[in-house]
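Visitor: I have a few questions about how parts of this chain pack. Please show me the structure before we start.

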Amino acid sequence: MSSITPIDSESDTMEQPSWKKTKLSLERPYKDDKGERIPVLLDITPDGVQVFEPPQDPIKLLGENLRRIFFERGIDFFERQDALRTIGDLSIPQALDTKDDKVEPDQQEEGVSKAHMNPEELYKMRMEIMPQLFTALGEMTHARELLSLLLASSTPTDPSPVPSLPSSTLTASIVTKPSPIPSVDAFNAQLTVGGKDEALRKASSIFKAAANNLERSRLRGQRYWVDALKIRRANWGLVPAPLPYGAPTGKGADKTSKDFFVSFGLEESPAHFRRRAVGHMATYETSSHVLVFPHRQRVRLQVSLILTDSSGLSRTASNSMTSLSGASLEDSLKIAQREMVEEELFSVLIKEASTLPTASAQVAERLIIIDAAQGMDLKFELVDGDAVNAQESKKSDDRLSATCNLIYFALQGLLLSLHASQKSQRLSSANTQLPPSVFPNKAPLLQPIIDLLQYQVFCDRIKVELDKMVSALLKAGIPSSLRFDVVGESGHQLVEHFAAKETARRIGGEALLRIDVRQTLRLTFLSPSSLTAHLPQATLPIASIPQLVQLLSDEVERCLLNRLCEVGSQVCERVGATWFVDFVSGKAVGRWEGNILNFRVIFDKDFAIHSSAYRLDRTSYQLSLLETYTPETSISLVAWLQELLEKTILES
């Protein structure tokens, strides 16, 4: 019989792999392989720096915990713990034999087991309580029988609602509620009725408010479509509104627009202006506006002119801004469209201000100042439409205000002309490649306005010189007149000039100076600063004001010398005098027997006319000053010449 040998446990342990022998501790490791403390990692910064928990001193930590015990649980914490421990020991039943201070372990276990009641002690407690319970039962039975006897011996007129009860059982009695007091019952009824009335009134007010809301909604919806038909009848554009946020846009989804927008932007305006030039009908109660304009900024374009004279005094005027009430659909759309067009105008003006070839400009966010001409500044500004003071425009110069209004409305016409040219270029396939000479002007809006202002200043300066000459001639007694037409075209032709191409936008005028009702001097001018003098001999272009002054002086001097010759011939006709004009030396010469007179005409400041008469001595052949005419002379130049000639003839 073969015996089975048991497997040795040590050999089994040796045969197990090494990874099964690894023992893992359930506690958190606090030391590394070298026996050093492992710090607690709190955070890692973006730079890769590791932040560890700072080491704590055990003594300091223990002191902090003790301080927290006294601070949070009171200074008498340990005394209260001792008192609780003492009370707890007294509440536990103690053994009867307490003579010995030392209690053995067996006795302690026996005392603990006596704290629970055994069956004998429970039976003893039952025997003590049962007699008392039987006594209480007897007293209750006696009281019940006595109550039944008293009820049976009484003979009331009314049958008692309490039935007779058998003596052996105890049942419940029926008690009726006493009748209420009339006054209290009436007061309770009033309270009930008042509460119900208030509840009914509140419910009726709720229903009334809901009915009013429904009626207002019906009227608002009806007015919504009536206003929409009015807008469409007035030829305003209606575009479908975009789908609301979160609406399904996938394949097969209903993408039909449920509302519309009112588009009031210009057709050829940039896309960002057309996107802003939309409004929609109000779907809620509004107090002041019928339409809602989400992108409206309420700014207006103000055109101002600042004139500064040679003494430094300045005058300022602005265009007149007419404001509509905005209470109706048409007015509100017109106001919004006007504001949007003015914003587009200002944006175009900002782009063109830096490309002006004949003027310098200062550009800010809402302000453009252009040095248009000498002593004249043109200012464009976006101002608050509600804060425009109408009184300031009334107090300003009417002539300057009219010029500002002309500029304001001319800009709108030029903007429409620019849109039309852009549309024609976009639709025409032949204009895709244009030669460099046909490229449009870089400033199609500002350049005509600047040319117009420069032309106005240019004409004003010419008129000042001509007025000086006319006043000097009239002061000398020479009849003269001036007809000055700044713009020779009519209003319709002027509008066509603005709407035409750049080469045809030049305007012109003429001035006609009539001297002594017989001789004329004609000047023509063309914007911005072209001046031409039409003389009997030739047509002479004038490039500067000094050249114009010299031309006026020469022509008027020639006319005056001819006039002096005519007067001299008439006065000296009886002595047989000969008169002629020496244009080389610039004098009128009169000769008769024994006398030779020379007359010269000189122009002083502001064309003040001076004349000098000289007599030639036949013996010495030298000229001697005979007499001089000045503007302070009380008689005219012709009368002075006649008196001088009469005096000379008598002396000779």
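Visitor: In which hand does H11 cross H13?
Guide: This is a predicted model. In it, helix H11 covers residues 446–475 and helix H13 covers residues 545–571. As H11 passes H13, the crossing is right-handed.

Visitor: How many nonpolar residues are in the contact of H11 with H13?
Guide: From H11, the residues that meet H13 include Ile462, Leu466, Met469 and Leu473. Among those they meet in H13 are Leu548, Val549, Leu552 and Val556. By class, the contact has 2 charged residues, 1 polar residue and, as to nonpolar residues, 10.

Visitor: Is glutamate 555 buried or exposed?
Guide: Glutamate 555 is found in helix H13. Beyond its neighbours within four places in sequence, glutamate 555 is in contact with Leu521 and Leu535. Its relative accessible area is 11%, and under 20% counts as buried. So glutamate 555 is buried.

Visitor: With which side chain does the side chain of aspartate 516 make a polar contact?
Guide: Aspartate 516 sits in the loop between strands E13 and E14, and is buried, with a relative accessible area of 12%. Leaving aside neighbours within four places in sequence, its contacts are Ile478, Pro479, Ser480 and Arg563. The polar contact, at 3.2 Å, is with the side chain of arginine 563.

Methods
Residues are numbered from 1 along each chain as its sequence is written. This is a predicted model: local features need pLDDT of at least 70, side-chain atom pairs count only at pLDDT 80 or more; totals for chains, interfaces and linings use all residues. Side-chain values use heavy atoms; hydrogens and water are left out. Axes are lines fitted to C-alpha atoms, for helices over the stretch in contact, and angles run from 0 to 180 degrees between N-to-C directions. Helices (H or I, at least four residues) and strands (E, at least two) are DSSP runs, numbered from the N terminus. A crossing is left-handed if the near helix is turned anticlockwise from the far one by less than a right angle, and right-handed if clockwise. Contact means heavy atoms within 4.5 Å. Ala, Val, Leu, Ile, Met, Phe, Trp, Tyr, Cys and Pro count as nonpolar, Asp, Glu, Lys and Arg as charged, and the others, Gly among them, as polar. Buried means under 20% relative accessible area, exposed over 50%, partly exposed in between (1.4 Å probe, protein chains only). A polar contact is a pair of N or O atoms within 3.5 Å; within protein, one must be able to donate a hydrogen and the other to accept it, and residues adjacent in sequence count only if both atoms are side-chain atoms.
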